[in-house]
Amino acid sequence: MSLMPLEEAYRRVLAGAEPVPRTERVGLRQASGRVLAEAVIAQRTQPGFNASAMDGYAIKAANAEAGSYLNVIGESAAGKGFSGRIEDSQTVRIFTGAPVPEGADTVLIQENAELVEASTIKVTEAPARGAHIRLAGVDFAEGQTLLSAGTLLSPGSVALAASGGHPELVVRAKPRVVVLSTGDELVLPGEPVGPHQIVASNTFGIAALCEAAGAEVIANELAPDDEAAIDAVFDQALGAKADIFVTIGGASVGDHDLVGKVFAEKGVDLDFWKVAMRPGKPFMAGARDGMRIAGLPGNPASSMVAATLFLAPLIRRLAGLADRPLFADGFLAEAMPANGSRADLVRSVIRPGPDGPLLSPLPRQDSSLLSVYAEADALLLRPVNANPAEAGEPCRFVPLS
Ligand SMILES: Nc1nc2c(c(=O)[nH]1)N[C@H]1C(S)=C(S)[C@@H](COP(=O)(O)OP(=O)(O)OC[C@H]3O[C@@H](n4cnc5c(N)ncnc54)[C@H](O)[C@@H]3O)O[C@H]1N2
Ligand code: MOO
């Protein structure tokens, strides 16, 4: 099988990927970052009454020439309005958010009034008619569409939905993902590590990446290099109606790399295996009965890079989130050597430059190095067969945050 060009692999992974049709109802405290499945219609008018925007006095503007005296007949506070009516030469003490009493058309801010007796004020500066009143419905009216289906709920839109009277919202269900790490050598962090064993690390990095992209990781399993064990987790994912089955490791050509073999036995329709990129070459993509398959390589940086390029965009698509451009534009902080037949995704740090982001490759690039991966801000793209490049030349990169 020849190596698939990176951009084509990306297009193929996303081809035909639609948001999952399931929806669910969540409370407002769980709603931020979710995608609305149904429009949010205002259940009430906001504000529901003419409200004061300032602390001061509710007045009739016609009575409030500078130098006039007004008789204070009561008080309107937020949550506790004044039930009477203002007649000529009268005023009501009013506070921010309080209902404007009947008969008043203006709020005089207290800085422009002088209390001359216990219940008399003198207007020191005349206000404009209508000043400092938020009219009923100025924000929105009952029945108005506040947020349309498909909106990614920001903290501000959660506040708007709350104001519209909604304790819960109908959102798209998160795509369900099962992650399986394979390898006899793997033990969980914190468990005793035998002489030839290692700690399963990208197991947790990949689960975090899936969740950050909008998925629900319904299982994060470890299995030894054993066909029956891998088979069992595959069946578990099918049974749980996972949208994506992600494997880590066993994707290459060694005698113990069994993932591709199990996929073939399980009737997975394999779209491609192996991408012309470094790291992350032995990436597999396919599907079985509506469950998408992403087979990631085992090397820690390789799995994180392949998941960043292919799995995260797929999850975003299934979650109903907008596609993001795969690459951003920047400039090389250093000269780069010529590149070979695989696109190189160079773990790099970013700093601001005069014309845009400047990318500096980290000194060590082996695909086992999580200490380097965790430090990187970006994957600097060196295209297939790129010529040597000078510092300052434009480049493209995949942001990692
Ligand atoms: N003869 C060849 N050998 C290899 C090739 C090749 O083309 N021909 N490709 C290499 C490339 S590139 C990669 S990438 C790796 C990928 O191999 P696998 O996907 O089969 O991964 P494993 O062999 O299972 O593991 C590789 C490495 O990663 C460690 N690992 C695996 N899973 C985890 C985990 N969950 N957490 C942390 N570390 C993990 C594993 O112990 C190995 O050290 O193959 C090359 N070989
Ligand atoms: O692609 Mo492998 O991912 O070079 O280490």
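A residue counts as near a ligand if one of its heavy atoms lies within 4 Å of that ligand.

**Figure 1. Residues around ligand 2 in the predicted model.** By that cut-off, the shell of ligand 2 consists of Arg278, Pro279, Gly280, Lys281, Pro282, Asn299, Ser302, Arg342 and Ser367. Sorted by class, this shell holds four polar, three charged and two nonpolar residues.

**Figure 2. Contacts with oxygen atoms of ligand 2.** Ser302 places a polar side-chain atom 2.5 Å from an oxygen atom of ligand 2. For Ser367, a polar side-chain atom lies 2.7 Å from an oxygen atom of the ligand. Lys281 takes part through its backbone, with an N or O atom 2.9 Å from an oxygen atom of ligand 2.

**Figure 3. The largest pocket and the residues at its centre.** The volume of this pocket is about 820 Å³. Its lining comprises 37 residues, of which Ala212, Ala213, Ala312, Arg316 and Arg324 are the closest to the centre. By class, 25 of the lining residues are nonpolar, seven are charged and five are polar.

**Figure 4. Secondary-structure elements that line the largest pocket.** At least two lining residues come from each of helices H1 (6-14), H3 (202-212), H6 (300-319) and H7 (370-375), and from strand S26 (394-399). Helix H6 gives the most, with six residues.

**Figure 5. Confidence of the predicted model.** The mean pLDDT of the protein is 97, and 100% of its residues reach 70 or more. The scores of the model are ipTM 0.97 and pTM 0.92.

Technical notes
Residues numbered from 1 in each chain as written. Chains lettered and ligands numbered in written order. Predicted model: local features only at pLDDT ≥ 70, side-chain atom pairs only at ≥ 80, totals over all residues. Heavy atoms only, no water. 1 Å grid on protein atoms, 1.4 Å probe; cavity = no way out; pocket = protein on both sides within 12 Å on 5 of 7 lines; lining within 4 Å. Points joined across faces, edges and corners; volume = space filled by probe spheres on them. Helix = DSSP H or I, 4+ residues; strand = E, 2+ residues; numbered from the N terminus. Nonpolar A, V, L, I, M, F, W, Y, C, P; charged D, E, K, R; others polar. pLDDT = per-residue confidence, 0-100. Polar contact = N/O pair within 3.5 Å; in protein donor to acceptor, adjacent residues only side chain to side chain.
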